[in-house]
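User: I would like to learn how to read aromatic pairs. Can you take me through them step by step?

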Amino acid sequence: PTVRRQTENAEKMRNNLHIPKKCSTFAPPIEKMNRLSRIFWFALLLLTVSLPVTMAADRTFVTVCLDGKWGYTDEKGAIVIPLQYDRAWHFSENLAPVQKGSKFGYIDTTGNVVIALKFDGVGSFSEGLAPVKMRGKWGFINTAGKVVIECQYAEAWFFSSGLAPVK
């Protein structure tokens with residue numbers, strides 16, 4: 001089955017639901033690197049780890065993990081959102097899902113938590129909505145964090161052309 005939604009924003013985002021993965025230390029602290037070292041490590045990260053690189057609010061964000069904590073750097077390797085999350089994902093519609101402990105929420109491009117870390121699972125925003133899991137069921141929230149489709153499904157994916165697959 002699918003959930004229908006009318007939208008003026010027909011932009012199609014191809015995002016996946018997010019499954020946390022462990023990470024390990026793979027680079028020295030960025031602030032202790034010289035410019036050449038930063039470029040080297042940045043290139044190595046992009047080539048070997050396939051880190052998500054996204055454009056949001058006219059800036060480039062690279063999701064990085066050091067010493068088990070996730071955050072964001074710019075294209076030059078400078079930390080722009082501190083490495084403070086247990087997991088962080090790419091930006092979509094200027095919001096990025098993050099995890100602390102067992103709870104998930106969303107931050108904006110300045111690093112502020114704009115949708116509280118209160119969900120049991122999350123997905124990226126697409127067409128103004130994102131799948132969220134609460135009390136074992138999936139539903140959808142809007143970019144203001146309001147539940148607009150109640151959590152009633154065993155599974156839910158992102159919207160595309162006004163439709164989202166659910167089970």
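**Reading the aromatic pairs**

Analyst: A search of the whole structure finds six aromatic pairs. Rings of Phe, Tyr and Trp (its six-membered ring) pair if their centres lie within 6.5 Å; planes under 30 degrees apart count as stacked, over 60 as edge-to-face and the rest as tilted. This is a predicted model, where local features need pLDDT of at least 70, side-chain atom pairs count only at pLDDT 80 or more, and totals for chains, interfaces and linings use all residues. Residues are numbered from 1 along each chain as its sequence is written, and side-chain values use heavy atoms, with hydrogens and water left out.

User: How is the pair of Tyr 72 and Phe 91 arranged?

Analyst: A pair of aromatic rings is described by the distance of the centres and the angle of the planes. Tyr 72 and Phe 91 are tilted, at 5.1 Å centre to centre and 55° between the planes. Tyr 72 lies in strand β4 and Phe 91 in the loop between β6 and β7, so the pair ties together parts 19 residues apart in sequence. Strands are DSSP runs of E, at least two residues, numbered from the N terminus.

User: Is Tyr 72 buried or exposed?

Analyst: Buried means under 20% relative accessible area, exposed over 50%, partly exposed in between (1.4 Å probe, protein chains only). Tyr 72 is buried at 0%. Phe 91 is buried at 3%.

User: What about the rings of Phe 140 and Phe 159?

Analyst: Their centres are 4.9 Å apart and their planes at 65°, so the pair is edge-to-face. Phe 140 lies in strand β12, and Phe 159 in the loop between β13 and β14. Both Phe 140 and Phe 159 are buried.

Key: Helix = DSSP H or I, 4+ residues; strand = E, 2+ residues; numbered from the N terminus.
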